[in-house]
Amino acid sequence: AFSPDGKLVASASYDETVRLWDAGTGAALQTFEGYLNWVTPVAFSPDGKYLETDRGVLQFDFSIKVSSNSLKPFRTLFVSNEWVIEAGQNILWLPHDYRPTCIAVWDGIITLGHSSGSVSLLQFTQGTKRI
């Protein structure tokens with residue numbers, strides 16, 4: 001899930017953790033551990049001050065520094081099976097290990113959640129097809 005301002009990504013996993021990531025750099029910022037079972041859904045509150053999960057509400061460290069990378073809106077990306085697709089065209093084939101179990105898309109960034117608990121962030125630039 002992306003934060004309301006698009007600067008953070010939250011992921012939940014079968015490895016019984018919830019993680020916060022910098023959407024601009026892909027760097028892991030914070031990990032919440034200690035759940036007795038896997039955590040699957042995660043969403044930011046509308047004000048972006050806490051995370052809502054199927055295991056309860058999590059507050060995170062507001063001293064986290066995120067990149068100031070500003071992104072321009074880009075809304076034609078999505079993932080279908082093993083392909084990233086832009087405007088109806090296959091543009092990036094995803095090898096087996098990179099095929100996601102969950103996906104989030106926001107302003108040219110695709111976040112892929114993997115069954116291993118890892119997360120891949122792919123940023124696309126409009127026009128140049130550069131990732």
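This is a predicted model: local features need pLDDT of at least 70, side-chain atom pairs count only at pLDDT 80 or more; totals for chains, interfaces and linings use all residues.
Strands here are DSSP runs of E, at least two residues, numbered from the N terminus. Local features need pLDDT of at least 70, and totals for linings use all residues. Residues are numbered from 1 along each chain.

In a regular strand the side chains alternate between the two faces of the sheet. In strand 11, both faces are covered. Ile109, Thr111 and Gly113 lie on one side, Ile110 and Leu112 on the other.

Strand 11 pairs (at least two DSSP bridges) with two neighbours. Strand 10 is joined to strand 11 by 5 bridges, antiparallel. Here Val105 stands opposite Ile110. Strand 12 (residues 119-123) is also antiparallel to strand 11, again with 5 bridges. Ile109 faces Gln123 across this pair. The two strands form a hairpin with 5 residues between them, and Gly117 in the turn has a positive phi of about 100°.

The largest pocket has a volume of about 320 Å³, taken as the space filled by probe spheres set on the grid points, which are joined across faces, edges and corners. A pocket is an open set of points on a 1 Å grid where a 1.4 Å probe fits, with protein on both sides within 12 Å along at least five of seven lines; lining residues have an atom within 4 Å of a point. Of the 21 lining residues, Ser11, Ala12, Thr101, Cys102 and Gly113 are closest to the centre. Strand 1 gives the largest share, 4 residues.

Note on methods
Side-chain values use heavy atoms; hydrogens and water are left out. Buried means under 20% relative accessible area, exposed over 50%, partly exposed in between (1.4 Å probe, protein chains only).
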